[in-house]
Amino acid sequence: MLRQRLLSALRTRSGAAAGPSRWTSPGHEERPKGYLFNRTPPPQGQSRKWEDWELPCYVTSFLTIVILGVGLNAKPDLTIETWAHQKALERLEREQLGLTASGSSESD
């Protein structure tokens, strides 16, 4: 009995059996057309006409990809590993300069 109540409530989405819900109504088409986005293709020899939103959307998408591609490749490397590597190289260079400077003064 509980199962029947739950199933009928799920069917109508509102829980009330007051008739078909606008969410579960069958619609105005008997069956799908079978085309992408339910659009019929244009006649032979004609190209599809662009809608108003398509050109701005494509241009904005292209520019976004270009700006992100250039910007992310040109950003500075601020990772802790790079900083530590540079500091270690500087320390090694100072140690080598210190050893060569003290070694040359001892031999003279």
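Buried here means under 20% relative accessible area, exposed means over 50%, and partly exposed covers what lies in between (1.4 Å probe, protein chains only). The model is a predicted one, so local features need pLDDT of at least 70 and side-chain atom pairs count only at pLDDT 80 or more, while totals for chains, interfaces and linings use all residues. Residues are numbered from 1 along each chain as its sequence is written, and side-chain values rest on heavy atoms, with hydrogens and water left out.

Salt bridges come up three times in this structure; the term stands for a side-chain nitrogen of Lys or Arg within 4 Å of a carboxyl oxygen of Asp or Glu. One of them pairs arginine 39 with glutamate 51, at 1.9 Å from N to O. This pair ties together distant parts of the chain: both arginine 39 and glutamate 51 sit in the loop between α1 (2–12) and α2, twelve residues apart. Helices are DSSP runs (H or I, at least four residues), numbered from the N terminus. Arginine 39 is partly exposed at 37% relative accessible area, and glutamate 51 is also partly exposed, at 34%.

Glutamate 54 belongs to helix α2 and has a relative accessible area of 4%, so it counts as buried. Its salt-bridge partner is arginine 48, with the closest N and O atoms 2.9 Å apart. Arginine 48, for its part, is partly exposed at 40%. The side chain of glutamate 54 also reaches back to the backbone nitrogen of glutamate 51, at 2.6 Å. Leaving aside residues up to four places away in sequence, glutamate 54 touches Arg48 and Lys49, where contact means heavy atoms within 4.5 Å.

Over in helix α3 (residues 80–107), lysine 87 and glutamate 90 are three residues apart, which means about one helical turn separates them. Their side chains meet in a salt bridge of 3.8 Å, N to O. Lysine 87 is partly exposed at 36%, as is glutamate 90 at 40%.

Then there is the surface. Trp50, Trp53, Leu55, Tyr58, Val59, Phe62, Leu63, Val66, Ile67 and Val70 make up a nonpolar patch with about 1,000 Å² of accessible area together. Patches are built from residues with over 30% relative accessible area and no salt bridge, joining like charges within 9 Å and nonpolar side chains (Val, Leu, Ile, Met, Phe, Trp, Tyr) within 5 Å; accessible areas come from the Shrake-Rupley method with a 1.4 Å probe, and for residues only the protein chains shown count as cover. Among the patch members, isoleucine 67 lies in helix α2 (residues 54–74) and counts as exposed at 60% relative accessibility.

Methods:
Helix = DSSP H or I, 4+ residues; strand = E, 2+ residues; numbered from the N terminus. Polar contact = N/O pair within 3.5 Å; in protein donor to acceptor, adjacent residues only side chain to side chain.
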